[in-house]
Amino acid sequence: MKIVHYLNQFFAGIGGEEKADVGLEARAEAIGPARLLAQKLGGASVVTVICGDNYAAEHLDAVTDELARLVAAEQPDAVVLGPAFNAGRYGLVCAALAAELPARTGVPAITGLYEENAALELYRSRALIARTGKSAANMAAAMETIARLVPRLAAGECIEDPAAAGLYGSGGRRNQVVERPAADRAVDMLLGLLAGEEVGTELAVPEFEPIAPPAPVPNLGRAKVALVTEGGLVPHDNPDGLTTGWSERWASYPVEELVGHPERFQAIHGGYDTEHVNRSPFRLVPADVVREMVAEGRIGELHDRYYVTAGMATPVRNARAMGAQIADELKRQGVDAVILTAT
Amino acid sequence: MLTRTTHPVREVAAGAAGYRDGRLSLDLDALTALVTDDPRIAAAHLAVVQPGERTRVLNVLDVFDARKKEDGPTYPGFDGPPVAAGSGRTHVLDGFQIVASGLLPTGEGGLMVARQAFIDYWGEGARWSPFAATPTLAVDVRLDPAIQDKAVADDAVRRALIRLSTAIGALAVDAADGADEQVPASWERPSAAAGGPPRVAYVYQIQSQGALLETFLYGADIAFMYPTLIEAAELLDGAMVSGNHGLQTNPTVHHTSNPVLRRLLAEERAGRLTLLPVVLMEGHHKSTPAKQRSAAHAVQLLRALRAEGAVFTQEGGGMSIVDQMLTIEGATAAGIRCVGITYEMAGEQGADTPLIYYSSAARHLVSTGNREERVTVDAAERVVGLDTGESTFGANLGGPLTVPLYALYCSTSQVGGTRVRAVAV
């Protein structure tokens, strides 16, 4: 068994933060955690690759290229990165490399992270990541998990049950058809619960990141305000072909046109009763009231376009991307504040 | 006490009307006349569909079983006065269903439109469907195009289905092959003894949001209903009829043969639980306080029943999960063990967040699948229903299609009538 094992300066024993800028170096010996893994594998030929945390984080593309060349030349059975536990820069580099190297070299790669490491959510769909404890105090257990997986990966095995193997899995969901209908499984689950058994769940409730409300606008009377909505209000011919939901795109339209001819607009959103908005689009995009407030001096200025998508059943990922794009556009337009109406 | 007499249908064919020894024979001309016996219905095309046939039924609106009450209305509030269901004898044909296909007026579009889903009776599509394995009378209803009122059009379809259900159910009333299932009312159950089987409730959350997304209890829609109690025997005896044509719908047959209730009753007969009255609630309240109020009252009912555990189901997409989660949260805080059934919206790749709302109290959930994962189905040899060429699923609905799972009618059945689930990978 041949392993290429990536470590940072700290785990390689070179030094702490003061050595975080050292570049990539390969040594034909097992060092630190790599030696522990080799022991658990019952002996392995190891090339230890060492790189400082700062250097790797700041030159990730170059480090990836160099490591890919090294792996292609060495042809190991597997690449092991870290594990990085809850480390920030080290975790990101290990996870990024675990995602990238197999695609570039065809050699399987695995790392290990603590469940709260931010790199996990970024890379779990693309990288094999073993579940570890929070810190290096859990090194032995982490290496035990990785050592059990490495021969299976080296043999080209597809890990069917990632959780049982100590992996996080992609975090994704896949449909299957099972023998017993959901109603029967639910009643069984309840009877098990009532009997005091561990019954688990078929769907662990997801964790949403908390979105902190922004600070209040300091002086609304001098602010440029834009109107944004996920309620699907578009001109009658829907010129940009926005979808009724499952959206991937947004559009913007002139407020002047909406105010002058509200009857030329319609809501195409598929997730609420659009009748009232179609009767008066200002219920959704309150351009009428905001213009009054501008006239009264309570709001500085109304941005001349409003921004729209249809939020129904839109994946969080798409919503996040569209939100960032709209925010960029608003910043370019010098907008200070947004009224966002949702349905 | 309701006596539910089920007759096991083994064979369905067109012919002279009759039922004998598991063989159901349907007079399609007479049944067609029964459907069109309403000025709102311009025409109807009826066909018998067998499992395994390469047949696709488009634009499915509802599924009924065939049933007939010996004495009194079968669907109280529709084919007779809204008297309490749940007593006497009702004959049900087991292993047969009526599937309605039709296009209802869309009006201005938006939320209040009938979503179009189909049933494939063979191959990959059948694998995901809860209805593909049952012999079917498919009814393609063509409404008078002059009728643009959604509720009026929908009512015509519903009443036609009720006429069919009871007319076909009546064929078995005198048959001797029925098996009796007794469904007692709660006051007919023995008092729960201390140390006896656990007291279990079913929290039945349904959708009634307006025309085409509504549900009828004894003939009346239950929009904004306060949570209430109803006997399992009433639900299994025609008290509730669907008028819901959303993406996530519980068809009438899932009210009259609710899979969770059937299972709970079976476990009760086996001595493993005592079934309490059903907590019935609507799940589309339009404000947070309204949802909180509804959930809190449902929990009060569970406490009044001294429930030890409950199964929670829902109907409708999007915000229905909020009502379910709030109710589970309250019930859990009251010390009641909770299991929820939910569909998932995890995106085409299964990589997105599967629920739009959750409570960390919901520790025990059963999945009925990610409705957005794609399924590829072959071309059909026969298509029942009108293909306008404008479906979002494709220009030719009879052809090979790659569609989200929700295009396959009730594949993610929210009352657990499906064998589909999603798993973590």
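Which residue is the bridge partner of Gln176(A) in S27(B)? I looked there and found Arg421(B).

**Ground rules.** I am reading a predicted model, where local features need pLDDT of at least 70, side-chain atom pairs count only at pLDDT 80 or more, and totals for chains, interfaces and linings use all residues. Residues are numbered from 1 along each chain as its sequence is written, and chains are lettered from A and ligands numbered from 1 in the order in which they are written. Helices (H or I, at least four residues) and strands (E, at least two) are DSSP runs, numbered from the N terminus.

**Between the chains.** Strand S7 (residues 173–177) of chain A pairs with S27(B) in the antiparallel sense, over five bridges. Strands pair if DSSP finds at least two bridges between them. I then looked up the whole contact: chain B gives 60 residues and chain A gives 44 residues. Contact here asks for C-beta atoms, placed from the backbone, within 7 Å. On the side of chain B, the elements giving two or more residues are helix H6 (259–269) and strands S21 (309–313), S22 (337–344), S23 (365–370) and S27 (420–424). S23(B) has the largest share, six residues. By class, I noted 28 nonpolar, 19 polar and 13 charged residues on this side. Ala, Val, Leu, Ile, Met, Phe, Trp, Tyr, Cys and Pro count as nonpolar, Asp, Glu, Lys and Arg as charged, and the others, Gly among them, as polar.

**Helix H6(B).** I checked its cover next. Eight of the eleven residues of H6(B) are buried. Buried means 20 or more other C-beta atoms within 10 Å of the residue's own; 12 or fewer is exposed, and in between is partly exposed, with C-beta atoms placed from the backbone. Among the buried residues are Arg262(B), Arg263(B) and Glu267(B). After H6(B) comes Gly271(B), with a positive phi near 80°.

**Strand S1(A).** I moved to chain A. Six of the seven residues of S1 (residues 2–8) are buried, so the strand is largely enclosed by the rest of the structure. S1(A) runs parallel to strand S3 (residues 45–51) of chain A, with seven bridges. There Leu7(A) has Ile50(A) as its bridge partner. S1(A) is also parallel to strand S4 (residues 78–85) of chain A, joined by four bridges. In S4(A), Val79(A) stands opposite Val4(A).

**Helix pairs in chain B.** I looked at H7 (residues 288–304) and H8 (residues 320–333). Their axes come within 8 Å and cross at roughly 45°. Axes are lines fitted to C-alpha atoms, for helices over the stretch in contact, and angles run from 0 to 180 degrees between N-to-C directions. H7(B) and H8(B) are therefore oblique to each other. Oblique is what remains after under 35 degrees (roughly parallel), over 145 (roughly antiparallel) and 65 to 115 (roughly perpendicular). I also looked up H1 (residues 28–35) and H3 (residues 150–170), which pack at about 145° with axes 9 Å apart. Leu31(B), Leu34(B) and Val35(B) of H1(B) meet Ala160(B), Arg163(B), Leu164(B) and Ala167(B) of H3(B). That contact has six nonpolar, no polar and one charged residues.

**Pro227(B).** Is Pro227(B) buried or exposed? I found 22 C-beta neighbours inside 10 Å, so Pro227(B) counts as buried. Pro227(B) sits in the loop between strand S16 (220–221) and strand S17 (228–230) of chain B. Beyond its neighbours within four places in sequence, its contacts include Ser294(B), Ala298(B) and Leu301(B).

Key. Two residues are in contact if their C-beta atoms, placed from the backbone, lie within 7 Å.
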